[in-house]
Amino acid sequence: MRRLTAVLALLVAAPALASNGMRAVGFGPVQVSMGGVGVGASLDAGTILSNPAGMSALGPRADLGVGMAGASVEQWTDYTGVGGSAFADSSDRGPAPFPAFGLVVPLGEDWRLGFGGYQVASLGADYLYGLGAAPSHASYRQTRFAPAVSWRVLDGLSLGAALNLMYATLDAGLFYGSQFSLGGSAFGMGATLSARFSPLSALDLALAVETKGLFQDFRFDTVDAGGTPVRRTATLNQPIVATLGAGFRPVEPLLVAADLEWIGWSGVLGPASSLRLGWQDQVVVKLGAELALEPVRLRAGLSYGKSPLDPNLAFNMMFPAVAEAHLGLGVGVPLGPAIALELGALWSPTATVQGTDATSFGGAVPYRVSGWSYDLQVGVTIAY
Amino acid sequence: MKKLAAMVAVLAATPAFATNGLRMTAFSPLNASMGGTGVAMGFDSSALVLNPATMADLGSRVDFGAAYFPTTITYSASTNYASIPGLEPLGALIVNQPNTTITSDFPPVPIPNIGVIIPLAKEWRLGLGMAAIAGAGSDYAANLFSSTVQATYFNFRFPIGVSWQVMDMVSVGATLNGSWALMGYSFGASFGLPPHPVANAFGVGATLGARAKLLPILAVGASWESPTWFQPFKYNIGCANPGGAIPPGTFPQCGPLGVPGGREELQLNLPWAATLGAEVELLDGALLLLGDAQFIAWSTTLGKNQPKFVNDSATPTSQAFPFSARWSDQWVFKIGAQLKATDWLKLRAGFNHGKAPQDPDAALENIAFPAFVESHVTVGLGLQLSPAVTLNLASVIGLEKTISGTGTLPDLSALAGQPPGSLPPATLSYTASSAGYTLEAGLSVTY
């Protein structure tokens, strides 16, 4: 039980359940409103993260936004089989804001330089009656700062690369009770490589591969069982992500886009990882559409990916990555010749993961964790 | 790869020394390079925090910035119990390593600042932004109460503002300050005091500003920032048993774990502040000189018995170990200069000084939140990369500040199995120091 309490609170985060696993569905209000598509279609500076080759389709621009992600999470755990009682509680983690900004600078006709800063991952929970009916808290957040470049090799073919500089925090819960530690942080690095091919003027195809994000160990200053100061460490990298996408404009005012994304969670949070959370790889399907009804642009989309959680682990309540379906809506409104207001919303309806944990408590413990979530984003797009 | 990952920490910042009290000295790389001045003149989107009226100086623009803040924070401590016959064991429990310097391991934190200025008409500007406003923290290895001391506080603001050029000489402005803050702390966790994991809260406030261009070479400005009123930080606290002094079964719901926990609510607002500033242009505008004087009313939010638990939410252990920061109000004086060396290069420098607001005898609070650096030397430059893009670089050097004092600890008689008040008051004497520097970079784009 203690070991469990120790391991458990590890990654959780703020309320950001509107994610695939812990990964943001999209980057910025435009991608979010279109179900997270952003590889096949080059929508805005968010492409710096999703598909840097897509910058070739953009002019000089800056996109600034802020998002607010929130969730309602509840857990129920029945310890009667191991001499306890059943407890239910809802997470007290409130919504959290985050910035989203990107800048694209043309360097000649064929080259683009980009710089983006977006929140990429977040997950967490905070219970008064959590694991073992004890206070349980954990929070993970990861922000990425990505310089990027794209090169138009030929008409219709562009390549792109981004250097992914990352910063993550992992709050509390890893070492609880007398061995508590407030949290740790780590810097990480990875890269994204991508290619964009336009076989027809109305059709774009793209492939983006994001390497594993390798982080420093999170360090936690605490004490050992004898009270001696020690520094514990934990490893938490971010997974490989590969995405195929297509963007198609059947008529000028309409853009439809689809991305098929594979996220290699098992390589960083699987049974063999240092946290042994048992996450499975995830395949995510994203569909989005944008309709230009001058002067506004209407957007909608959806995303679906089966939850990567292992239903046999009760500490999923601390890692409530239960969301599977996401519905997006948004609108772009021009404010002037060079500036537009972008609004995006993403909603994930209630989803549940439940099972029986037979390994963590010395007996069979049924549990259930469920939640719904939202992500609201507002931004401005500036062509300079 | 791990070394590379470590080197990657290019855009980061740690709290606690590039601050006046908890408040950041500056809100963009450009602002940082000039000592944090800017109430009388708008240079970039930091005007949204400093004085929204000065947005009237600005055209269409976007600003991005971030900083890297390595820092050195230390403390050493001792207790009077170490030299009172019979109480030495308790003294060794209170301070494991008397008079040994403990260095904080608080890591760097990358903090972006962003903003956009949108002309709505010739006389009107709209501004949107995000800036880190306040921060402090520490991460000390086990020593006090045989436990680590860990604390973190960050406050981010998302201002939305407008400026109005009332007449050629005068502009006014206002912002609505949406805010979000994080706070967590832990001391005495191994001793049985419950930790307070990082919690967050939303807040709201406003800033009003005015600026007058009295002469072609002279402008003055004033701004007033309201308190930022925050929701209470909410903590889920478990049963606790400080020092094992609570007999098992005293509270049946806690079994052997002593006193009950609960959901605690801690109120910590950001205080109001007022600033007056002046700007002088010399050499046909090639040389700018600025000076600001700022008053920060810390005593209103971090004074005696503050921050405090509200709604009768304090658990017994928090009642026994209450906060009382006892900060004083603070005057901050800032000067800055900018020299246009060439068409593509501007050189900047500044100085910022504010007497530390801490009460030296608030020992635990000052160790946990070491935000007491007083003097900051700043330098920077602006490189015009293209007609639309400028790179701004800055560094803030926080000169080392040491603070010492002696605080009184809560009654510890129960730890010796004695009735309350039977032991002499326990004191904690300490010396803490803080110093460091920042490296900051930002891009400004006009459109």
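Trainee: Why is Asn99(B) called exposed?

Mentor: Asn99(B) has 12 other C-beta atoms within 10 Å. A residue is buried if 20 or more other C-beta atoms lie within 10 Å of its own, exposed if 12 or fewer, and partly exposed in between, with C-beta atoms placed from the backbone. A count of 12 meets the "12 or fewer" rule, so Asn99(B) is exposed.

Trainee: Where is Asn99(B), and how should I read these names?

Mentor: Asn99(B) lies in the loop between helix H4 (88–94) and strand S5 (102–103) of chain B. Helices (H or I, at least four residues) and strands (E, at least two) are DSSP runs, numbered from the N terminus. Residues are numbered from 1 along each chain as its sequence is written, while chains are lettered from A and ligands numbered from 1 in the order in which they are written. This is a predicted model, in which local features need pLDDT of at least 70, side-chain atom pairs count only at pLDDT 80 or more, and totals for chains, interfaces and linings use all residues.

Trainee: What makes the phi of Asn99(B) worth a remark?

Mentor: Its phi is positive, about 60°, although Asn99(B) is not a glycine. Most residues other than glycine have a negative phi.

Trainee: What is the phi of Phe145(B), and is Phe145(B) buried or exposed?

Mentor: Phe145(B), which is not a glycine either, has a positive phi of about 50°. Its place is the loop between strand S7 (124–140) and strand S8 (149–167) of chain B.

Trainee: How do you know which residues of chain B are in contact with chain A?

Mentor: Two residues are in contact if their C-beta atoms, placed from the backbone, lie within 7 Å. By that rule, 52 residues of chain B are in contact with 48 residues of chain A. Helix H1 (residues 2–7) of chain B gives the largest share of chain B's side, four residues. By class, that side has 34 nonpolar, 13 polar and five charged residues. Here Ala, Val, Leu, Ile, Met, Phe, Trp, Tyr, Cys and Pro count as nonpolar, Asp, Glu, Lys and Arg as charged, and the others, Gly among them, as polar.

Trainee: Why is strand S6 of chain A called largely enclosed?

Mentor: Of the 17 residues of strand S6 (residues 111–127) of chain A, 14 are buried, so the rest of the structure largely encloses this strand.

Trainee: What makes strand S5 of chain A and S6(A) a pair?

Mentor: Two strands pair if DSSP finds at least two bridges between them. Strand S5 (residues 96–107) of chain A and S6(A) have eight bridges, in the antiparallel sense, so they qualify as a pair. Ala100(A) stands opposite Tyr118(A) in S6(A). Their hairpin has three residues between the strands, and Gly108(A) takes a positive phi near 80° there. S6(A) also runs antiparallel to strand S7 (residues 136–154) of chain A, joined by 16 bridges, and Leu113(A) stands opposite Val149(A) in S7(A).

Trainee: Why are strand S13 and strand S17 of chain B called edge strands?

Mentor: Strand S13 (233–237) and strand S17 (308–309) of chain B each pair on one side only. They belong to an open sheet of three strands in the order S13-S14-S17 (chain B), with antiparallel pairing. Gln267(B) stands opposite Lys308(B) in S17(B).

Trainee: What is the peptide bond from Gln306(B) to Pro307(B), and where is Pro307(B)?

Mentor: That bond is cis, with omega about -10°, and Pro307(B) lies in the loop between helix H5 (299–302) and S17 of chain B. Most peptide bonds are trans. Chain A has a cis bond from Glu294(A) to Pro295(A), with omega near 10°.
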